[in-house]
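Dear colleague,

I am handing over the structure we spoke about, and below it you will find my notes on what was found. Please read them beside the model.

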Amino acid sequence: MTVATETRAPALIPENAAFLSAKVLWVRHWNEHLFSFAIERPASFRFRSGEFVMIGLPGEKKPLMRAYSIASPHYAEELEFLSIKVQDGPLTSRLQAIEPGDELYLGKKPTGTLVLDALLPGKRLVMLSTGTGLAPFLSLMRDPDVYSVFDKVVVAHSVRRVSDLAYHEEMTGRLAEDPLVSDEAAAQFHYVPTVTREAFHTSARLGVLIEDGTLFSGIDGGATLDPETDRVMLCGSTEMIRDFAKSLEAQGFVEGSNANPGSFVIERAFVG
Ligand SMILES: Cc1cc2nc3c(=O)[nH]c(=O)nc-3n(C[C@H](O)[C@H](O)[C@H](O)COP(=O)(O)OP(=O)(O)OC[C@H]3O[C@@H](n4cnc5c(N)ncnc54)[C@H](O)[C@@H]3O)c2cc1C
Ligand SMILES: NC(=O)c1ccc[n+]([C@@H]2O[C@H](COP(=O)([O-])OP(=O)(O)OC[C@H]3O[C@@H](n4cnc5c(N)ncnc54)[C@H](OP(=O)(O)O)[C@@H]3O)[C@@H](O)[C@H]2O)c1
C-alpha cells in the first residue's frame with residue numbers, strides 16, 4: 001500500500017459537540033479522480049458492515065459534512081473510505097489534500113440499507129457497483145459473517161477507465177492478504193470488473209454481463225439471477241440503481257429494508 005508521507009504540520013480541527021473528530025492514518029491516491037484513506041476509529045463508534053456515515057471538514061459557519069460509505073468491516077480498528085475527487089466539489093476539492101495526522105469530523109450515527117439485516121437468507125450474494133459504489137461492498141467482502149451467511153459472494157464493479165478499478169489487485173487475488181477472510185474468500189469470493197470506456201478484457205455494462213451469463217461464469221448456481229436463492233445489493237449512480245431495481249422487480253425480486261428484509265437492497269453512491 002502506498003502511504004503518503006507527512007510534508008506539513010497536521011491540520012487540526014476545532015471541537016464540535018455534534019461530531020466526533022478522528023485523525024487520518026493513511027491516504028492512497030488511485031488516480032486524479034479517486035483516493036482512499038483511513039481514520040482512527042473512536043472507541044465509541046459502532047457500525048454494521050455496509051453502512052454509511054457523515055464525514056467532513058470545518059466549513060465557514062458549521063462543519064461541511066457529506067455521506068460516505070465505510071469501506072472497512074465492522075470489526076476493523078480503522079475506518080476506511082473510498083472517495084471521488086470532484087474538481088469544484090465543496091468537500092472533496094479540500095478532502096483530497098488530507099495527509100496522515102490531519103483531523104476530520106465524523107458523524108455519530110452510521111446508517112444504511114446495504115446490510116445483511118435487510119436481506120432474507122439466500123445462497124449467493126451478488127453486489128453490483130459502479131464507481132465509488134464499490135465502497136460498501138469493500139466492507140462486506142471483508143466481513144467473515146458474510147461468508148457464513150452466503151455460499152458465494154460476488155462483487156461486480158463497473159467503471160469508465162482501467163485506473164478507476166480501485167482495489168483491483170486485492171480483489172483479483174481473492175483477498176489473500178486479509179487475515180480474517182482469506183480462507184473463505186479463496187473458495188467463495190468472485191470479483192467481476194468491467195471497464196466501459198477503455199480497452200479491457202471485459203467491457204460491457206453490468207446489465208449485459210448478467211443477461212449474457214458472463215457475470216456467473218465459473219460460479220456455482222444458475223447462469224441467471226434467481227429471486228429464490230440470489231440476494232442482490234446495488235450501489236452506484238441514480239440511473240444505474242433505477243434501471244436495475246426496475247429489472248429486478250420484473251424478475252420477482254422484492255426490495256428489502258432494515259425493518260422488512262427482502263431479496264434486494266439499494267443505496268445511491270452519490271446524489272447527482
Ligand atoms: C448514501 C451516500 C453514500 C455516499 N458514499 C460515498 C462514498 O463512499 N464515496 C464517495 O466518494 N462519495 C460518496 N457519496 C457522495 C458524497 O456524499 C459527496 O457527494 C462527495 O464526497 C462529493 O462531495 P463534494 O462536496 O465535493 O461535492 P458535491 O456537491 O457533494 O457533489 C457534486 C457533484 O459531484 C458528483 N459526485 C458526487 N459524489 C460522487 C461520487 N461518489 N462519484 C461520482 N460523482 C460524484 C455529482 O454529480 C454531484 O452532484 C455518498 C453519498 C450518499 C448519498
Ligand atoms: N470516472 C471518471 O473518469 C470520472 C472522473 C471525474 C469525474 N467524473 C464524474 O463523476 C460522475 C460519475 O462518474 P463515474 O465514472 O463515477 O460514474 P458513471 O458515469 O455512473 O460510470 C461508472 C460506470 O457505471 C456505468 N453505468 C452508468 N450508468 C449505468 C446504468 N444505468 N446501468 C449500468 N451501468 C451504468 C458506466 O458505464 P458507461 O461508461 O457505459 O456509461 C461506467 O462503467 C460524472 O458526472 C462524471 O463526469 C467521472
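Tyr167 lies in the loop between β8 and α4 (168-172), where helices (H or I, at least four residues) and strands (E, at least two) are DSSP runs numbered from the N terminus. Before going further, please note that this is a predicted model, in which local features need pLDDT of at least 70 and side-chain atom pairs count only at pLDDT 80 or more, while totals for chains, interfaces and linings use all residues. Residues are numbered from 1 along each chain as its sequence is written, and chains are lettered from A and ligands numbered from 1 in the order in which they are written.

The phi angle of Tyr167 is near 65°, a positive value in a residue other than glycine. Tyr167 counts as buried because it has 22 C-beta neighbours inside 10 Å; the classes used here are buried for 20 or more other C-beta atoms within 10 Å of the residue's own, exposed for 12 or fewer, and partly exposed in between, with C-beta atoms placed from the backbone. Leu175, in the loop between α4 and α5 (182-188), is not a glycine either and has a positive phi of about 60°. Leu175 has 23 C-beta neighbours inside 10 Å and therefore counts as buried.

**Domains and their contact**

The protein is divided into domain 1 (20-106) and domain 2 (116-268), with bounds that come from an automatic or database domain assignment. The centres of the two domains, taken over C-alpha atoms, are separated by 23 Å. In the contact between them, 18 residues of domain 1 meet 13 residues of domain 2, a contact being a pair of residues whose C-beta atoms, placed from the backbone, lie within 7 Å. On the side of domain 1 that touches domain 2, β1 (20-31), β2 (34-40) and β5 (78-84) each supply at least two residues, and the largest share, four residues, comes from β5. By class, that side of domain 1 has eight nonpolar, nine polar and one charged residues, where Ala, Val, Leu, Ile, Met, Phe, Trp, Tyr, Cys and Pro count as nonpolar, Asp, Glu, Lys and Arg as charged, and the others, Gly among them, as polar.

An unreviewed UniProt entry lists residues 17-117 as "domain: FAD-binding FR-type"; its positions are given in the numbering used here, feature names are shortened, and annotations may be inferred rather than shown by experiment. Over residues 17-117 the chain is 4% helix and 42% strand, and the end C-alpha atoms are 30 Å apart.

Asn31 is placed in strand β1 and, with 13 C-beta neighbours inside 10 Å, counts as partly exposed. Leaving aside neighbours within four places in sequence, Asn31 is in contact with Ser163 and Asp164. Asn31 and Arg41, ten residues apart in sequence, are 26 Å apart in space, C-alpha to C-alpha.

Strand β3 (residues 52-57) is mostly covered, with five of its six residues buried. It pairs with strand β4 (residues 64-69) in the antiparallel sense over six bridges, two strands being counted as paired if DSSP finds at least two bridges between them. β3 and β4 form a hairpin with six residues between them, and Ile55 has Arg66 in β4 as its bridge partner. β3 also pairs with strand β6 (residues 103-106), again in the antiparallel sense, over two bridges, and the bridge partner of Gly56 in β6 is Tyr105.

**The two ligands**

Ligand 1 is surrounded by 24 residues, the closest being Gly89, Leu91, Thr92, Phe270 and Gly272; a residue is near a molecule if its C-beta atom, placed from the backbone, lies within 6 Å of it. The elements that give two or more residues to this shell are β4, β5, α1 (92-95) and β11 (264-268). The shell divides into 13 nonpolar, eight polar and three charged residues. Domain 1 and domain 2 both give residues to the shell around ligand 1, so ligand 1 lies between them.

Around ligand 2 there are 18 residues, and the closest are His33, Thr130, Gly131, Thr196 and Met240. β8 (152-159), α6 (206-211) and α7 (238-250) each supply at least two residues of this shell, and α7 gives the most, with three. By class, the shell around ligand 2 holds three nonpolar, eight polar and seven charged residues.

With best regards

Methods:
Contact = placed C-beta atoms within 7 Å.
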